[in-house]
Amino acid sequence: EMSEMSERSKQNVAHGLAWSYYVGYLKIVLPRLKQSMEEFSRANPNLPACRKTWKLHILVPLSCDIYDDLEKADSNIQYVTELTEIILARGGIKKRVYKHSLYAITDEENQLWHCAVEYATPLQTLFAMSQEECAAFSREERLEQAKLFYRTLEEILKGSKECADAYRLIAYEEPEEVETHFLSREILWHLRQEHLEEIAVLERSHAHSPSTALDSAELNLQISTSDLPQPLRTDGF
């Protein structure tokens, strides 16, 4: 009876998609991602390296509307290259390939920020279900399922030691009026937060160094509070 109620209310759809995405993909690739970023950084020493951004930035549009080509979604997002492939035997498939794309995001001052970014592909399933008459999946139900997918995935990843500090979920609602560079601004907000987090870590390390330690008065004079990381934004899901 509980199973039937759950199916009628479709509560199991997003929950199952989130677990499948984690077990079948994220748990496999995320523990290996930093090594791929490390290899790329060594091969490209001319590019600035912010280790806090060495994560998979996972886009979660609550509309479930996904672009196959990020460059078409926003011209300020440009493809750079592929990171090192992960090749594993999986489910009877020999040498199954997993790989991530590296992009350059252009900010308002034409500075480039590099990161690995991709959509949470299970959202395509939710979108497709809302287009299929036999699925009886309304637009409102799709939105609720997208929110549930995000919350479920967030909780799963928070409890995963293997994936710790290797991802960043970027959930957002697209504005009603078309904004040409909305997506790049959304990604840049997160990249800047990560950059500030790295600066704060370096400053704390510097402050605790015996050879360069400063007293609290000197520290307050030298470090502006505006340079400290701001609390991460909550989108109210």
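Good morning. Please keep in mind throughout that this is a predicted model.

Five strands form an open sheet in the order 2-5-6-1-7, and their pairing is mixed. The edge positions belong to strand 2, residues 77-82, and strand 7, residues 167-172; each has a single partner strand, so one side of each is left without a neighbour in the sheet. From one strand to the next, the twist averages 40°.

Let us go through some of the pairings. Strands of a sheet pair through backbone hydrogen bonds, in either a parallel or an antiparallel sense.

With strand 6, residues 112-119, strand 1 pairs in the parallel sense over 4 bridges. Here Ile58 has Glu118 of strand 6 as its bridge partner. Strand 1 also pairs with strand 7, again in the parallel sense, over 6 bridges. In that pairing His57 stands opposite Arg168 of strand 7.

Is strand 1 mostly covered or mostly open? Strand 1 is mostly covered, with 6 of its 6 residues buried. In a regular strand, side chains alternate between the two faces of the sheet. In strand 1, Leu56, Ile58 and Val60 point one way, while His57, Leu59 and Pro61 point the other way, and all are buried.

I turn now to charged side chains. Side chains of opposite charge can pair when their charged atoms come close. The count for this model comes to 8 salt bridges.

One of them joins Glu162 and Lys27, with an N to O distance of 4.0 Å. This pair links distant parts of the chain: Glu162 sits in the loop between helix 5 and strand 7, Lys27 sits in helix 2, residues 11-43, and the two are 135 residues apart. Glu162 is partly exposed because its relative accessibility is 43%. Lys27, at 37%, is likewise partly exposed.

Arg192 takes part in two of the salt bridges I wish to show, one with Asp107 and one with Glu108. The bridge to Asp107 spans 3.7 Å from N to O. Asp107 belongs to the loop between strand 5 and strand 6, and Arg192 to helix 6, residues 182-207, which places them 85 residues apart. In the bridge to Glu108, the closest N and O atoms are 2.9 Å apart. Glu108 also lies in the loop between strand 5 and strand 6, so its pairing with Arg192 ties together parts that are 84 residues apart in sequence.

How do these residues stand in terms of exposure? Asp107 is buried, at 8% relative accessibility. Arg192 is partly exposed, at 29%, and Glu108 is exposed, at 55%.

Elsewhere, Lys52, Lys55 and Asp165 are linked in a network of salt bridges.

Finally, the cysteines. How many disulfides does the structure hold? The structure holds 0 disulfides. Cys115 counts as buried because its relative accessibility is 0%, and Cys163 is buried as well, with a relative accessible area of 0%.

Thank you for your attention.

Note on methods
Residues are numbered from 1 along each chain as its sequence is written. This is a predicted model: local features need pLDDT of at least 70, side-chain atom pairs count only at pLDDT 80 or more; totals for chains, interfaces and linings use all residues. Side-chain values use heavy atoms; hydrogens and water are left out. A disulfide is a pair of cysteine sulfur atoms within 2.5 Å. Buried means under 20% relative accessible area, exposed over 50%, partly exposed in between (1.4 Å probe, protein chains only). Two strands pair if DSSP finds at least two bridges between them. Axes are lines fitted to C-alpha atoms, for helices over the stretch in contact, and angles run from 0 to 180 degrees between N-to-C directions. A salt bridge is a side-chain nitrogen of Lys or Arg within 4 Å of a carboxyl oxygen of Asp or Glu.
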